[in-house]
Each structure stands twice: as C-alpha cells, then as structure tokens.
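Colleague: Could you take me through one loop and its surroundings? I'd like a close look, and then a tour of whatever connects to it.

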Amino acid sequence: MTGGDAAWARAMLAAALFAVDPPSLPMRVRSPAGPARDAWLAALRHMLPPAMAVKRMPSSISADRLLGGVDLGATLAAGSPVLSLGLLSEAHNGVLIAATAERMPALVAGAVAECLDAGEIAVERDGSSARRSARFGFIAFDEGVEDEAVPRLLIERCALLVDLHGLSYRDAPPGPFEPGEIVEAAARLPNVAAPEWCVERLCGAAEALGAFSLRAPVQALRAAKAAAALAGRPEVSEDDIRLAAALVLAPRATRLPTPHEEADPEPPAGEPADPERDPGDADVAALEDRVIEAALAALPPGLLALLRDGGRRARGANGKSAANAKDSARGRPCGVRRGDPKGGAKLNIVETLRAAAPWQALRRRETPRRAGHIHIRREDFRITRFKRPAETLSIFVVDASGSQAVARLGEAKGAVETLLAESYVRRDYVALVSVKGRAAEIALEPTRSLARAKNRLSGLPGGGGTPLASGLNAALQLAVAAKRRGRAPVIALLTDGRANVALSGAGGRPQAMSEALRAASAVRAARIPALVIDTAPRRSEEAAALSAALDAVYAPLPRADAGAIAGVARAFLDRRA
C-alpha cells in the first residue's frame, strides 16, 4: 500500500468511526477546499444514516443565527417574547460542519465548545432565556492559511484528525461501510465493553507520546469502542485500541516515547498465576509498545522527524480571524432601510413606528378586538444602516541605510515592532518597505501575520545608501493596489531624509533628493495620508522638505526612544482610523 493509499484508508476509517458516534467523536479535517475534500465528504455522507441532517456553518455567522434570537414577527403576533431557533439547536441529532474553522470568531468557538461539552446551549435575549438541546456531530474544516489556526478550545475537543493535504481525489476509495452497517454498529455501541487493561494501555500510550490532555485517552477509548462496534465485537480488542491510538493519540503527540523497562518476570515454576491477572497483563510493556508503534506509524514523516529532533509542534492558537466576525450593527449610522432585523441587524424603533403610524386607523378597523394596541407588521420594520470604515493598510517605510546610526535603527525597529503588534490587534493589514543599498525592497507584503512581520523586521540589516525615491515608489505601488481592494492605505516613513541614491542606483545627493521629492509629490497626488518621523539626532531640513512634498504630518524626534516614536505614529494612525 502506498503512502497515499494508507492516508486515504485512515481518513475513511476516521469517517466511519465518526458516523457510528458523531457527538462523541468531533473531527478536524485539514485540507484546502477542492476535489479531495469533496470526495472524502461524499464518502462520509454516504455512510451517515439518510435521516441525519447535515448543516454548514459559515465563519461569518451572526450571534442571532448561531444561538437564536427574538422572532419579532412572532413576538408581535403573540404579545410576548418568542425565541427563534439558532443553528446550534437546529443541528441537534445531526452533523454540523464548520467551513474555514481557522477563521472562526471566539464567540462562535466558545458556543460550539459549550455544546460539545454539555449537549445544550443557553439562549438569553431581551430578558427572555431558554436552554435548547444541541447535541451533534461536529466537523471543523481547517484550511490553515499563513498563521491561521483553529481555536485551541476546539482543537482540544476534536477527537479525530484527518489530513488530506497532498492526496488526490482519484485515489479516494469508496466509503468502507454502508449506511445499514453504520446503523447496526451504532445500535451495538452502548453494549460494547472495555476491559480495564484497555484503559490502562491507552493512558500509558498517551503519556508516552506527550498527549497530556485528559480528553485524549477518553476520546481514544470512545474511538476504540466505535471500532469494536463496527467489527461486531462485544468487547474492545487490541486491534481496536491500536486504531484508536493512530487516529486520536498520534495527532496529539509532542514527543517520542522512551523505551520501556523490562516487564515483570513470570511467576516461578509451580507457583499459581494471579487469578486477577487479565490477558492484557501477559506482557504489559509489549502491548503498550504495540499501541505506541501504531500511533507513530500514523504520524507524517515530517512531524516524526521533528519529534525525533526534540522539537515541539506549533501549538494551535486562536486563528487570526478569531475577531473577524462581521457585525452589521457596527460603524456610523447612515440612514435606515426597510428590512427584517435578522443576522445582527438593528431595528430602528422610531422609524418603524413612523412607518406604521399612517396605517393604524385601517388596522384597528380590521382587528377591533385589539383596538387599543399599536399594530405593527413585518412590512413596517426599518433597519438602521451603518457605514463601516474600510480596512486599513499601514505601510511602514523604514530607512535602514548607513546614515542611520545602529542605535537609531534599533529604536526605529522597536517602534515599528510595537506598531505592527497594535495594527494586528486592530485587524489592520501591515506592509514593510526597507530603504537601503541601491534600491528599496518590499520586505513584507501586506499581511495580517504578526509573527511573519516580526521575523522580517528582526532580520532587517542596516547599511548602504539611502534610495528614498525607490522606497516611496514602492510604498505608492502598495497603496494604489490596496485602494483597488477597497482598503485605506496609510504611509509611515521613518527616516532622517538624507537621500543619496538615485533611481538608477547611482550615487549623488542632489539627484537623489530631487527624485525623492518628485516621488513624494506623486504620493501626495494619489491622496495617500502620510506621516514622516524624523529620526535624525537633530532636526533634518531634508526630512522636513520631504514631509512638505508629501503633505504629511511631520514629527521631528531627536533623541527619541522606540516608545516615543511609536506614540507619535499611533496617534497619527488612530486619527486616520
């Protein structure tokens, strides 16, 4: 069996175990959208019972759609608050698939985690509260772009990991079980027994592999029972716990196991065996080693090499899109529109009453029993419209030339690193242009990856000439491209203003300064807001002239440290936000 065939076989077995016991075996599927993922999902759907509903949850889902909210139409008709069902409640006894789970907001991840733990969800809206059943199978699709990761609290609760990267859909086998077989296995599952030695071996294997979460052996035991139910066995066997170790414990491995000590010797000849000794105790170390070997065999070669070298896997964190939920009730109010207050939209009560007022006499005649009430219908609803600010791209242009003393460059780097972190918190994009040598270079393309930005900045060397015109041209290109994408670009230039390298790469201060001023005028013509922080030990006339050509805010900061530089830039960026 080739590596791809083995990976597909594990992926299909994981799908089968999930189909037997969806609520107990949440699953994370690492795969970009494409034919391979579609083939795996089609096989899973084929194995699920036909009556089991499968619902999809987008990462941008609103709180009302997720948890449930007040149904205004039903509330007005009933005269008392009526709560609508949310997606989590609708998925009860079914399967919920989270698309792009690495972009899942913290609120959504927390609500899903609560359902996976408790099997129900609490809904509180406008003074009304209720608890709804929400026990479902959960699948998180993880596309894993840049530093994005599925929120840690969901990774902790996902028992199974399926990795489809590099697999071809042409090699995908059909689902290994028919829906009828899955239904029969699910019926047998409650009666499957697990001997104590199975629990001990799974706990020992989890500890040996560094899977220290208390959920790991519990979830592995659930997977082993599902495997036994699929095979028609009334009791968990060694094969079942080896499969569970490969599918549940291997993805959590953080170290290679140390060799076992010698097992306890057999009883002397003629001495009766311990009557409490079960079959698993015949060779405890050997059995545990076989379980660990099964888990190691399921590890990707790259991860196995990393563990062998003593490295640690990168621990998942909340995805960079954990705060990316789009809320239609954010921003500045900019009028009203007719519509249904769903998906986070905000009902404008005054405008709703104003729209309903002309119809009151007619509606009272139609319903004389409610003559003393205000009659509001769905067509009266008015929604407040909000204008949200565009995403910001902060372009940091850093003078890393020889005219910047080492200490000054260090302060500039410290300031930019602070600003990068704050831009990341605001969910802004950042870019970095390095000005040094014969031509400037874009050291960091627009990104939201804080780790990537800091790595590029820490490795930014100093020295050489000062090609300021080249740096401003590069920043202008980034800004124009950002505008086309609907973003609001801002340029922050940290320099002493002493350009000495022309666009041709030749030296010469007069030509270099003339070209830098022309490049600054082009930035001004494009109406790109700019800030010039003069990092020279004393006020630089060149930097001041450059700021005037840019129509920028000029901040001379002689003898300023990184904190002062960052403070000025922060004030400018906050004013532009």
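Colleague: In which loop is the place of Asn93?

Modeller: Happy to. First, the ground rules: this is a predicted model, in which local features need pLDDT of at least 70, side-chain atom pairs count only at pLDDT 80 or more, and totals for chains, interfaces and linings use all residues. Residues are numbered from 1 along each chain as its sequence is written, and side-chain values use heavy atoms, with hydrogens and water left out.

Asn93 sits in the loop between helix 5 (87-90) and strand 3 (95-98); helices (H or I, at least four residues) and strands (E, at least two) are DSSP runs, numbered from the N terminus. Although not a glycine, Asn93 has a positive phi of about 65°. Its relative accessibility is 54%, so Asn93 counts as exposed (buried means under 20% relative accessible area, exposed over 50%, partly exposed in between, with a 1.4 Å probe and protein chains only).

Leaving aside residues up to four places away in sequence, Val95 touches Phe18, Leu48, Met52, Ala53, Val54, Lys55, Gly137 and Ile139, where contact means heavy atoms within 4.5 Å. Lys55 is 40 residues from Val95 along the chain, and their C-alpha atoms are separated by 6.2 Å.

Two of those partners lead onward. Leu44 touches Phe18 and Ile139, as well as Ala15 and Ala19, again not counting residues up to four places away in sequence. Leu44 and Ile139 also stand out in the largest nonpolar core: of its 60 residues, they, Trp40, Leu160 and Leu249 touch the most other members. A nonpolar core here is a set of buried Ala, Val, Leu, Ile, Met, Phe, Trp, Tyr and Cys residues joined through side-chain atoms within 4.5 Å. Helix 1 (residues 3-20) supplies the largest share of this core, with eleven residues.

Gly119 is placed in the loop between helix 6 (106-118) and strand 4 (120-125), and its relative accessible area of 17% makes Gly119 buried. Gly119 touches Glu114, Ser133, Ala134 and Arg135, with residues up to four places away not counted. The C-alpha atoms of Gly119 and Ala134, 15 residues apart along the chain, are separated by 5.0 Å. Ser31, in the loop between strand 1 (27-30) and helix 2 (35-47), is buried too, with a relative accessible area of 2%. Beyond residues up to four places away, Ser31 touches Arg37, Asp142, Glu143, Leu164 and His165.

Another positive phi, about 60°, belongs to Arg527, also not a glycine. Arg527 lies in the loop between helix 19 and strand 14 and, at 72% relative accessibility, counts as exposed.

That brings us to helix 19 (residues 509-525), whose axis comes within 7 Å of that of helix 20 (residues 541-550), crossing at roughly 30°. Axes are lines fitted to C-alpha atoms, for helices over the stretch in contact, and angles run from 0 to 180 degrees between N-to-C directions. So helix 19 is roughly parallel to helix 20 (under 35 degrees; over 145 is roughly antiparallel, 65 to 115 roughly perpendicular, and the rest oblique). Helix 19 contributes Met513, Ala516, Leu517, Ala520, Ser521, Val523 and Arg524 to the contact, and helix 20 contributes Glu542, Ala545, Leu546, Ala548, Ala549 and Leu550.

Within helix 20, Ala543, Ala544, Leu546, Ser547, Ala549 and Leu550 are buried. The buried residues of helix 20 pack against helix 18 (468-484), strand 13 (488-495), helix 19, strand 14 (530-534) and strand 15 (553-556).

To step back, the chain comes to 21 helices and 15 strands, and 46% of its 577 residues are buried. Of contacts between residues at least 6 apart in sequence, 77% join residues at least 24 apart.
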